[in-house]
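Reader: I am new to this structure and would like to learn how to read it. Please take the features one by one.

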Amino acid sequence: MSSDVFGEVVGQAAAVAVCRAAVAAAAAGPGGAGPAMTHAWLFTGPPGSGRSVAARALAAALECESGGCGSCTSCRTVRAGTHADMRAVIPEGLSIRVDEMRAVVSRAAMRPATGRWQIVLIEDADRLTEGAANALLKSIEEPPPHTVFLLCAPSTHPDDVPVTIRSRCRVVNLVTPSVDEIAEVLEQRDGVAPELARWAASVCAGHVGRARALAGSETSRDHRATVLAVPGAVRTLADVFAEADALLDVAKKESAEQSERRDETEREELRIALGAGGTGKGAAAATRGSAGALKDLEKQQKARATRTVRDVLDRALVDLSGFYRDVIVYASGASAALINPDVARDVHVAASRIGAEGALRRLDAVLACRVALERNVKPDIAIEALMMQLRVA
Ligand SMILES: [Zn+2]
């Protein structure tokens with residue numbers, strides 16, 4: 001398995017081939033861009049297929065002198081999000097605002113400071129407001145010669161990216177990676193034991209990141225087990241509150257662990273990117289500069305931690321909806337594979353108790369709870385309300 005930046009892009013041979021061709025063309029062509037190179041890209045794919053991972057890999061490969069070696073400063077800084085010539089736009093709320101986009105677009109017009117390209121990465125391009133889309137459109141229509149736009153959007157809602165923008169992008173479609181491909185990457189790249197790798201790949205519903213989290217963290221595995229036990233456990237009113245408490249507790253625990261792990265990785269990557277630990281003339285100045293950068297990073301991490309609990313709860317709700325989806329599949333005699341094959345027995349029991357119709361009602365309740373959390377309803381209130389509806393009297 002390749003160790004370059006595209007090795008991270010799991011189960012997407014066709015997309016990677018397109019990207020590699022573009023990188024080669026960009027390196028060879030006059031002025032840095034041959035016919036296979038495009039200034040605007042749109043990565044689409046189902047949730048978990050790795051849209052932003054693929055976009056970042058292409059960004060690193062474009063900035064890298066060796067087409068994405070994975071180990072040089074360019075590759076590392078692109079990955080750490082600290083490359084001077086790359087801006088990542090990641091929506092904090094429900095939409096990407098126009099002033100945010102204007103600032104990014106005007107920076108993108110400048111010549112690259114250190115790299116070969118000015119790169120703008122827009123995650124969730126389906127969340128552009130109309131104004132933001134227009135601000136971006138002008139720049140995509142007549143891109144500055146050294147600027148590349150990388151947009152990502154879920155393929156489940158292709159119409160959410162305005163057609164004026166879509167029509168000017170080269171679209172790269174990602175697919176859901178297979179269980180084998182995910183298991184292989186967990187084993188070969190992450191060093192996960194074969195049995196655990198296969199199990200994680202089989203229950204992740206095609207989400208590489210999810211498989212990685214399950215394989216890498218016992219807390220994540222415990223959390224999933226707690227969540228999947230909920231449908232069978234909520235029978236009395238006392239159960240409702242007990243299960244809600246358990247779910248909230250375990251979500252807090254998992255989000256704390258996640259933040260800690262991610263924060264430390266980012267700090268380490270930033271240190272490497274800033275060349276900490278170096279000696280010689282520039283090292284002292286670099287150390288002074290890096291103290292400020294570290295402080296900024298810690299501030300960002302703090303803001304993110306408050307969001308993480310909600311994200312972890314949302315993850316739990318996705319697991320729950322997977323369970324009820326499995327109940328519907330089983331109860332209606334469909335031949336589709338279960339999302340949670342390892343708890344097939346519980347799925348069968350639930351199917352006999354509530355049937356496809358009961359499962360469908362509960363699935364709706366889970367989805368409504370996700371919406372409530374996204375609208376900032378307090379987590380304990382949203383989760384308790386959900387448990388009432390999941391109850392099997
Ligand atoms: Zn490199």
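Author: Start with the word contact: it means heavy atoms within 4.5 Å. Keep in mind throughout that this is a predicted model.

Reader: With that word in hand, which residues is T77 in contact with, leaving aside its neighbours within four places in sequence?

Author: T77 is in contact with T82, H83 and A273. The residue itself lies in helix α3, which spans residues 73–80.

Reader: Is T77 buried or exposed?

Author: Buried means under 20% relative accessible area. T77 has a relative accessibility of 8%, so it counts as buried.

Reader: How far can I trust the coordinates?

Author: Where pLDDT is low, the predicted coordinates should not be read in detail. Here the protein averages a pLDDT of 87, and 91% of the residues score at least 70.

Reader: Where is confidence lowest, and where is it highest?

Author: Confidence is lowest in α12, with a mean of 81, and highest in α8, with 96.

Reader: Next, the metal. Which residues are the protein donors of the zinc ion?

Author: The donors are the SG atoms of C64, C69, C72 and C75, and they lie 2.3 to 2.4 Å from the zinc ion. Along the chain these donors follow the spacing C-x4-C-x2-C-x2-C.

Reader: What geometry does the site of the zinc ion have?

Author: Begin with the general idea: the ideal angle for four tetrahedral donors at a metal is 109.5 degrees. In this structure the 4 donor atoms of the zinc ion make angles of 104 to 115°, and the site is tetrahedral.

Reader: Now salt bridges. How many does a search of the whole structure find?

Author: A salt bridge pairs a side-chain nitrogen of Lys or Arg with a carboxyl oxygen of Asp or Glu within 4 Å. The search of the whole structure finds 13 salt bridges.

Reader: Take R168 as an example. Which residue does R168 form a salt bridge with?

Author: The partner of R168 is E141, and their closest N and O atoms are 3.3 Å apart. R168 sits in the loop between α6 (163–166) and β5 (170–173), while E141 belongs to helix α5 (residues 130–141), so the pair ties together parts that are 27 residues apart in sequence. R168 is partly exposed at 36% relative accessibility, and E141 is partly exposed at 39%.

Reader: What does the salt bridge between D319 and R210 tie together?

Author: In this salt bridge, the closest N and O atoms of D319 and R210 are 2.6 Å apart. D319 lies in helix α12 (residues 283–331) and R210 in helix α9, so the bridge ties together parts that are 109 residues apart in sequence. D319 counts as buried at 8% relative accessibility, and R210 is buried with a relative accessible area of 8%.

Reader: And where do D342 and R224 lie?

Author: The side chains of D342 and R224 meet in a salt bridge, at 2.9 Å from N to O. D342 is in the loop between α12 and α13, and R224 is in helix α10 (residues 218–233), so the pair ties together parts that are 118 residues apart in sequence. D342 is partly exposed, with a relative accessible area of 37%, whereas R224 counts as buried at 5%.

Reader: Which residues are linked in a network of salt bridges?

Author: E8, R189, D190 and R212 are linked in such a network.

Reader: Last, the backbone. Which residues have a positive phi although they are not glycines?

Author: A205 is one of them, with a phi of about 55°, and N376 is another, with a phi of about 70°. A205 is placed in the loop between α8 (194–203) and α9 (208–216) and is partly exposed, with a relative accessible area of 46%. N376 is placed in the loop between α13 (344–374) and α14 (379–390) and counts as exposed at 54% relative accessibility.

Definitions and conventions. Residues numbered from 1 in each chain as written. Predicted model: local features only at pLDDT ≥ 70, side-chain atom pairs only at ≥ 80, totals over all residues. Heavy atoms only, no water. Helix = DSSP H or I, 4+ residues; strand = E, 2+ residues; numbered from the N terminus. Buried < 20%, exposed > 50% of the residue type's maximum accessible area, 1.4 Å probe, protein only. Donors = N, O, S within 2.8 Å, 3.2 Å for Na, K, Ca; no water. Tetrahedral: all angles 85-135°; square planar, octahedral: opposite > 155°, others 65-115°. pLDDT = per-residue confidence, 0-100.
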